[in-house]
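Let's take a walk through this structure together, from the overall fold to one strand and then to the ligands. Have your viewer ready and follow along.

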Amino acid sequence: MNNITTVKLTKGNDYAIIAPGQIIYALNKSDKELEEAKLEIYENTKDYKTSKPIDRVLLGIIPTFDCNLKCIYCYSNGGDSKEVITMETVIKAMNHIRKTKKEAKVLDLCFLGGGEPLLNLDLIKEIVNYADLLFENVEIHVVTNGTFGTNVLSWLIDRKANIRISYDAVGQDFQRPFYNNNSSKRIVETNIKKLILNGISPTIQCTITSQTVNKMIEIINTLIKLEVKAVKIEPCVMTDVSRGTKSLQPNPITFANKLVEVIEYVANNDLPISINTNYFSKPSNGKYCGMGHGNFTVTPEGMITSCIEIAKKNDPYSDKLMIGKIGEKVEIFAENIEILNKLDYIHQNGGCSICQFRLICLGGCPMANIWENGLTSTKSKFTCAIEHTLLPTLLLKIVENEKIMNVIMENPEKIYNRDSVSNYVKVLKR
Ligand code: SF4
Ligand code: SF4
């Protein structure tokens, strides 16, 4: 029963049985009852497969490395170089996607950084107009720093874009100033409010540093005042290509404890906001993200990358983790795709194959693992410390207080899956 793990909760004979697609609480069960429950769950879930709809396809575009902010922890030194993608590159990439995914009716078109993707609205419109010619339906997804002007705002509203705004609330002034050091707080907050007033509810991405790790409740209160409905809370992780120093990373145990505190705060006060922790994935025996199977993001230099943290030709690991290049024609690097397919942390010794949390953690962000350990299947100690603090506590609290599971959202901005944890938790009564 390799696809099932059992976590003994701290109280009595209470267990959480984790299987692909389900967390089942077996409360006050004898050893025999536990074994019977596991067998039954195994039979019910052994053929579980995560499925992607075949009628949609994903294309990521990094329009530019340029940025108007100078975030102290930027994962790509945004703004230090100014390259902009050419329309010729975009056209070749889109034609390639159209040709290789003939059955796709919907294009999920994602505009990403590092660099601020919305600096040049004319280019974005040209890209989307071309996509509209090739696909029946084009859904726009944008990850932005939220400093855009009214033209961009109106366009986002017209296109009903799915928007993620990076905004650090009480940390914004210190952590995310404009390139000239002026505060970006007011414009970002104004844009969040205007989007919400116009029926678009952005997910806010909040980066927690060592400076803000003790301020998560203040952060949530600020977001509630802005009427934000979903927040993704992430620790600052410094990499070989980040701006800033390691001292910005929060202590992982403190981060995990404070995260539990803020989830409880939201649940117990019935606050209207959901939290994506990024560390509590829907149980699965698959991979953590699309890096190993399907990410296709085109960069301003005409490269195709599997992870936005490796966006420049001279970034470390670019020779292994970029999956293609757009020159005269589109060239796919099959050898590199094979390397990525092999990075399967939860099924490999040396990774996480015997861990009781592996079906929820899924080995964590592969890039975090690679930055720490290189291209082996060795997990990140930072990620693992968070998971080993967060998951046992949350698993117990979920069954003690059912409001908690309605707060934790599985990737609210993820395209194919917006489950709240309550959708896959079942309790076998005492
Ligand atoms: S984190 Fe984003 S907004 Fe901040 S400097 Fe980097 S690219 Fe720009
Ligand atoms: S990273 Fe740590 S917590 Fe996650 S599956 Fe691996 S060993 Fe388990």
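What percentage of the 430 residues in the protein is made up of buried residues? Buried residues make up 48% of them. Please keep in mind that this is a predicted model, and that a residue is called buried here if 20 or more other C-beta atoms lie within 10 Å of its own.

Let's stay with the whole chain for a moment. The protein contains 14 helices and 15 strands. Its C-alpha trace extends about 65 × 45 × 40 Å along the principal axes. A compact globule of 430 residues would have a radius of gyration near 22 Å, and because the protein has 22 Å, the two agree. Contacts tell us about the fold too: taking those with a separation of 6 or more, 68% are between residues 24 or more positions apart.

Now zoom in on strand S8, residues 203-208. Here 6 of the 6 residues are buried, so the strand is largely enclosed by the rest of the structure. In a regular strand, side chains alternate between the two faces of the sheet. For S8, both faces are covered: one side carries Thr203, Gln205 and Thr207, the other Ile204, Cys206 and Ile208, and all of these are buried.

What does S8 pair with? One partner is strand S7 (residues 162-166), which runs parallel to S8 and is joined to it by 3 bridges. In this pairing, Arg164 stands opposite Thr203 of S8. Another partner is strand S9 (residues 230-235), also in the parallel sense, over 6 bridges. There, Thr207 has Glu234 in S9 as its bridge partner. To get from S8 to S9, the chain passes through helix H7 (residues 216-225), and this β-α-β crossover is right-handed.

Finally, let's visit the ligands. Ligand 1 is surrounded by 14 residues, the closest being Cys67, Cys71, Cys74, Gly78 and Asn145. Sorted by class, this shell has 4 nonpolar, 7 polar and 3 charged residues.

Around ligand 2 you will find, among others, Cys352, Cys355, Cys361 and Cys384, together with Phe357, Arg358, Lys379, Glu387 and His388. Which helix gives the most to this shell? That is H13, with 4 residues. Helix H13 spans 381-400, and helix H11 (358-361) likewise supplies at least two residues. The class breakdown for the ligand 2 shell is 5 nonpolar, 4 polar and 3 charged.

Notes:
Residues numbered from 1 in each chain as written. Chains lettered and ligands numbered in written order. Predicted model: local features only at pLDDT ≥ 70, side-chain atom pairs only at ≥ 80, totals over all residues. Near = placed C-beta within 6 Å. Nonpolar A, V, L, I, M, F, W, Y, C, P; charged D, E, K, R; others polar. Rg over C-alpha atoms; globule rule 2.2 N^0.38 Å. Buried ≥ 20, exposed ≤ 12 C-beta atoms within 10 Å, placed from the backbone. Contact = placed C-beta atoms within 7 Å. Pairing = 2+ DSSP bridges. Right-handed = clockwise from strand over helix to strand, strands pointing away.
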